[in-house]
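Please walk through this structure with me.

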Amino acid sequence: MPSRDEQLKQLEEEVAQLRQAVASHATIDQAIGVLVCLHQLSPADGFTVLRVTSQFANTKLHTVAEAVITWAHTRHPLPTPVKEALDQALRAHPSARPPEN
């Protein structure tokens with residue numbers, strides 16, 4: 001049986017992992033919201049586009065989500081691999097519309 005200190009350390013690690021998961025989920029939800037707003041997608045389709053972008057860019061989903069949110073807040077260009085992958089994912093998605101100006 002693990003010692004009390006080992007149990008405490010294990011619980012602290014689990015809490016840290018859960019906090020990271022919650023923060024990552026919120027980031028992904030915000031990025032989905034950006035895609036929903038700009039491209040008139042459903043939230044499910046926004047998630048699909050975000051996931052496919054992550055796969056095309058070979059970049060973690062939360063990293064793609066952070067880039068999309070940063071772009072939405074600052075209008076600084078997306079990193080090239082993410083932009084190219086996002087453009088490709090949007091072109092491949094049947095219900096995606098170009099953003100209105």
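**A walk through the helices**

N58 sits in the loop that links α2 to α3. Its backbone stands out: phi of N58 is near 55 degrees, a positive value, and the residue is not a glycine. Most residues other than glycine have a negative phi. Is N58 buried or exposed? N58 counts as exposed, because its relative accessibility is 72% and the cut-off for exposed is over 50%.

R75 is placed in the loop between α3 and α4. R75 is not a glycine, yet its phi is positive, at about 65 degrees. With a relative accessibility of 56%, R75 therefore counts as exposed too.

How far can these details be trusted? The model is predicted. Mean pLDDT for the protein is 90, and 97% of its residues reach 70 or more. Confidence is lowest in α1, with a mean of 88. It is highest in α2, at 96.

The largest nonpolar core contains 20 residues. V49 and L50 have the most contacts inside this core. Which helices supply it with at least two residues each? They are α1 (4-39), α2 (43-57), α3 (61-74) and α4 (80-92).

Take L50 next. L50 belongs to helix α2. L50 has a relative accessible area of 0%, so it is buried. Which residues does L50 contact, leaving aside its neighbours within four places in sequence? The list is I28, A31, I32, L35, L61, V64, A65 and V68. Of these contacts, I28, A31, I32 and L35 also take part in the meeting of α1 with α2. V68 is another contact of L50. L50 and V68 are 18 residues apart along the chain, and their C-alpha atoms are separated by 9.2 Å.

On the α1 side stand I28, A31, I32, L35 and V36. They meet P43, G46, F47, V49 and L50 in α2.

F47 shows another side of α2. This residue is found in helix α2. F47 counts as partly exposed, because its relative accessibility is 34%. Not counting residues up to four places away in sequence, F47 touches I28, I32 and L61. I28, I32 and L61 are also among the contacts of L50.

H93 lies in the segment after α4. Is H93 buried or exposed? H93 is buried, because its relative accessible area is 12% and buried means under 20%. What does H93 touch, not counting residues up to four places away in sequence? Its partners are L41, D45, T48 and V49. H93 and L38 are 55 residues apart along the chain, and their C-alpha atoms are separated by 14 Å.

Definitions and conventions: Residues numbered from 1 in each chain as written. Predicted model: local features only at pLDDT ≥ 70, side-chain atom pairs only at ≥ 80, totals over all residues. Heavy atoms only, no water. Core = buried A, V, L, I, M, F, W, Y, C linked by side-chain atoms within 4.5 Å. Buried < 20%, exposed > 50% of the residue type's maximum accessible area, 1.4 Å probe, protein only. Helix = DSSP H or I, 4+ residues; strand = E, 2+ residues; numbered from the N terminus. Contact = heavy atoms within 4.5 Å. pLDDT = per-residue confidence, 0-100.
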